[in-house]
Amino acid sequence: MNKPLRRIAIFCGLLVLALLIRDNWLQYVKADALREDPDNRRVLIARYATPRGDIIVGGNPITGHTETTSGDFKFKRTYKNGAMWAPVTGFVSQAYGANQLESIQDGILSGTDDRLFFRNTLDMITGKEKEGGNVVTTLNAAAQKAAYNGLKNQGGKGAVAAIEPSTGKILALASFPSYDPSTIAGGGESDAEAWKKLDKKNNPDDPMLNRALREVYPPGSTFKVVTAAAALENGLYTTADEKTKSPDPWVMEGTTTKLPNEGDIPCENATLRVALQYSCNTVFGKIGSDLGNDKMLEEAKKFGFTEEQFTPTRTSASVFSDDMNPSETALSSIGQFNTAATPLQMAMVASAVANNGTLMKPYMVDELQTHNLDALEKTDPEELSKPLSAENAQILQSMMETVVKDGTGKNAQIPDVTVGGKTGTAQHGVENSENPYAWFISYAKLSDGSSPVAVAVVVEDEKAVRDDISGGGLAAPIAKSVMEAVIDSKK
Amino acid sequence: MSSTTNPSTHHTSTIGAIGAPSRRNTELALLLFAVVIPVFAYANVGLAIHDEVPTGLLGYGLGLGLLAGVGHLAVRKFAPYADPLLLPLATLLNGLGLVAIWRLDQSKLLQQIGQAGGKATNQLIYTAMGIALFIAVLIFLKDHRTLQRYTYISMAGALFLLLLPLVPGLGADITYGAKIWIQVGSFTIQPGEFAKIVLAIFFAGYLMVKRDALALASRRFMGLYLPRGRDLGPIVVVWMISILILVFETDLGTSLLFFGMFVIMLYVATERTSWIVFGLLMSAAGAVGVASFEPHVQTRVQAWLDPMREYTLSRTPNGDGMVHSEQAMQALWAFGSGGTLGTGWGQGHSELIRFAANSDFILATFGEELGLAGIMAILLIYGLIVERGVRTALAARDPFGKLLAVGLSGAFALQVFVVAGGVMGLIPLTGMTMPFLAYGGSSVIANWALIGVLIRISDTARRPAPAPAPNPDAEMTQVVRPS
């Protein structure tokens, strides 16, 4: 019986060998894939096992953390003034993942980024607890506060985006209504409750929508700045003060429809300056029609339309169509029909004009740091495009300054500061039945010629009486307070 | 005169065990390691989880040491020539299992679902009971050949044990799936673990008697030698009944184990390779057959083929009305997260496997916290136990002992393969437990009894042959010289 016994011994050996091979496959070959599998809860446990780094504005963190006592996650994110900063930070939740800056810079904040490896190893050797790095933003706390409070006091929905024209630094990014990411940072029942309430399905106000970056609105008359730039750049008109060839009323090309002006305003053969001052639909509609779809699209693209921007938070792409007939182009050129823009996009338009025609790439992360403040990466300002020449930019500046000085934008005037702007009242809804959006885009220029801030404000107020809605009335005061906040903080 | 030479050189057997030193001191030295290693592991868990040496360390170390010491003394007294490796290897596994169970006792998650807290203490009591049974086997089973007398009683006993969980009021559905427990008061027993040993005694006794008939009185059929029905019949009937019972109890792992044990013992008894071929064909047919109508088995095959899909289904409520389990995927993640060297004792998260973390899936805890290195060591320890068992079979001088030893060690090997293979995703999961490592009284107690029987057989096998009786002829045939 010994021969079969020896064979059984070999068989048992083979069973153990098979297990050993399988184990090597599992714990050596496939180990990394299994360890890093996003469904593997250990990934999340590790992520919340150490304090998360902070998002910093003006030297002060706008985020923090608390230790939790229940569950298998040790630390929970907290936010200071969360609702105000939500469009900047996004959220990070033990149950619902993360978005926006919290998600994009997760490697730095959670400390898993390769660039933190050396620091983490050093900490491990010296016995210090692992910590995430910091994200230093370009934002201006005072401007953000002015923007958010302005929208909040207005009571309707809306958004503000402010940029430093010379660099592209984003100074304010507000959206209203907003939400406090602290309420959904955990994984408990109250967080689930809060999440449910914030969900678009249950909350028509959609507070988690980042309106400054992710919502496109018809820009209305504020788009006339782009149309004016196209007219100057294409040589259709060469100065602000020459008479344009535009009849009032103007019948749109290829149709029998008259393009109306709002109210009784002097638009017939008006100069560009006067046309912008009074916001003449006839003049800018005809310019768009005269230039044609291609040239208008080309100019809009130079300002950043049709492209998503990465700030690094992704924005929605603003829209200017490429297949329109002359009358549709005319409507689009006054910011109606298909034209749609994010608040950030319209702030970019104002900032390019203020920056003498050069559009800087907008960004909101100034620096990435280790937790003991060593710099890992610094963002350098980058030129995105040149939508118009310096000469034409100055012509446009003088036109926009007239709007604030004598035209529809008087509410944005700031003593001792030159302000250029443009109002907009964008109709929308079926047959324009819904309350229009109130827009205001502007920039401030100091006595030394430098421009510290360009801003775009949009207010969508369903409750306001329709006739009360105008960019100058609702949006301009908010823009003014944001610009003042930036100027004050420069002093 | 030849009678003056050492009697141990006189034997004619080819087996070289006779006259071997008893190796009891080797066993004692190895036992020291087998106790010290788990004590260090225990301290390690305490430091990792609570930043302090656990207060129970002394009691735990003394407890394990005492149990091992008593076991050793019993072997020294009642089985002095036994294999010196079996006791230390089993003690080491048992000790490591205790540490892992204590470590999972600290998990808040498992405490919340009532699967942790005080389990290590229970397991220590079970271990004491196991070692008591081990000693009882050594004391009362003076010679394993006595068991031959109980061949048919064993058959009845095994079937009785297997049927117990089907008795209404006695059977308990403790976890999902298999109905293999009985509940007496607050105790739950898994009779299948004990049936394993009893059935091996029946197979060994029957095959020893019938082996010649089975091997020689056979007809050729399709190139295979088939024994006569009256020789094979009874054993096939018993085997079929046990399989059927287990199918009703949906305990596929144990039925596979019994089948494998049966085939191994039949092959060893008859020395006919055709049994292996038959065995493989029949187990394949049986597996496909059962899987085709048993939803419980189908789910497990699904979970084996695509654990991630099963995980997703388990997380989506009311998916398709079937019970899905995330355990298979959680175990794979545990193994993967452990990697080569593991996270270290107490620093993994195998509690994510939830309710079976300290029983069926305890190997995943080892995988995560001790890594590839630890699992390979544990698998090799199991391999060594099996190897010592088969070596005992080789050394045994009687066919019954040979068959019993190879049956028990083969079953042990198959159990380790089926459980570890299932947890590691090599084969579908069946829901048995790792011998000695996993939490559970019946498993620990039954496996200590198994080691006891193996030690008894090895003692008999290695015991020096009694000095040959003085040859009466030598006296009788003296040349008487005529004077």
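1. Buried means under 20% relative accessible area, exposed means over 50%, and partly exposed lies in between (1.4 Å probe, protein chains only). By that rule B:Glu27 is buried, at 0% relative accessibility. This is a predicted model, in which local features need pLDDT of at least 70, side-chain atom pairs count only at pLDDT 80 or more, and totals for chains, interfaces and linings use all residues. Residues are numbered from 1 along each chain as its sequence is written, chains are lettered from A and ligands numbered from 1 in the order in which they are written, and side-chain values use heavy atoms, with hydrogens and water left out.

2. Start with the partner of B:Glu27. Its side chain meets that of B:Arg24 in a salt bridge, at 2.8 Å from N to O. A salt bridge here is a side-chain nitrogen of Lys or Arg within 4 Å of a carboxyl oxygen of Asp or Glu. Both residues sit in helix 1 (residues 24-50) of chain B, three residues apart, about one turn of the helix. Helices (H or I, at least four residues) and strands (E, at least two) are DSSP runs, numbered from the N terminus. B:Arg24 is buried too, with a relative accessible area of 3%.

3. Now a pair that spans more of the sequence. B:Arg388 and B:Asp83 form a salt bridge, 2.7 Å from N to O. B:Arg388 is in helix 14 of chain B, and B:Asp83 is in the loop between helix 2 (57-78) and helix 3 (86-105) of chain B, so the bridge ties together parts 305 residues apart in sequence. Buried or exposed? B:Arg388 is buried, at 15% relative accessible area. B:Asp83 is also buried, at 3%.

4. Salt bridges can share partners. One network joins A:Arg47, A:Arg52, A:Asp54, A:Arg77, A:Glu102 and A:Asp106. Over all chains, the rule counts 25 salt bridges. One of them links A:Asp106 to A:Arg47, with the closest N and O atoms 3.0 Å apart. A:Asp106 lies in helix 6 (residues 106-110) of chain A and A:Arg47 in helix 3 (residues 41-47) of chain A, 59 residues apart. A:Asp106 and A:Arg47 are both buried.

5. Next, the interface. Contact means heavy atoms within 4.5 Å. Chain B supplies 50 residues and chain A supplies 32 residues. Together the chains bury about 3600 Å², 71% of it on carbon and sulfur atoms. Buried area is the accessible area (1.4 Å probe) that two parts lose on being put together, summed over both.

6. How many salt bridges cross the interface of chain B and chain A? The rule finds one. B:Glu368 pairs with A:Arg42, and their closest N and O atoms are 2.7 Å apart. Helix 14 of chain B gives the most, with 13 residues.

7. Strand 8 (residues 157-163) and strand 9 of chain A run antiparallel, joined by six bridges. Two strands pair if DSSP finds at least two bridges between them. A:Ala161 has A:Leu173 in strand 9 of chain A as its bridge partner. Six residues lie between the two strands of the hairpin, and A:Gly168 in the turn has a positive phi of about 95°. Strand 9 (residues 170-176) of chain A is mostly covered, with seven of its seven residues buried.
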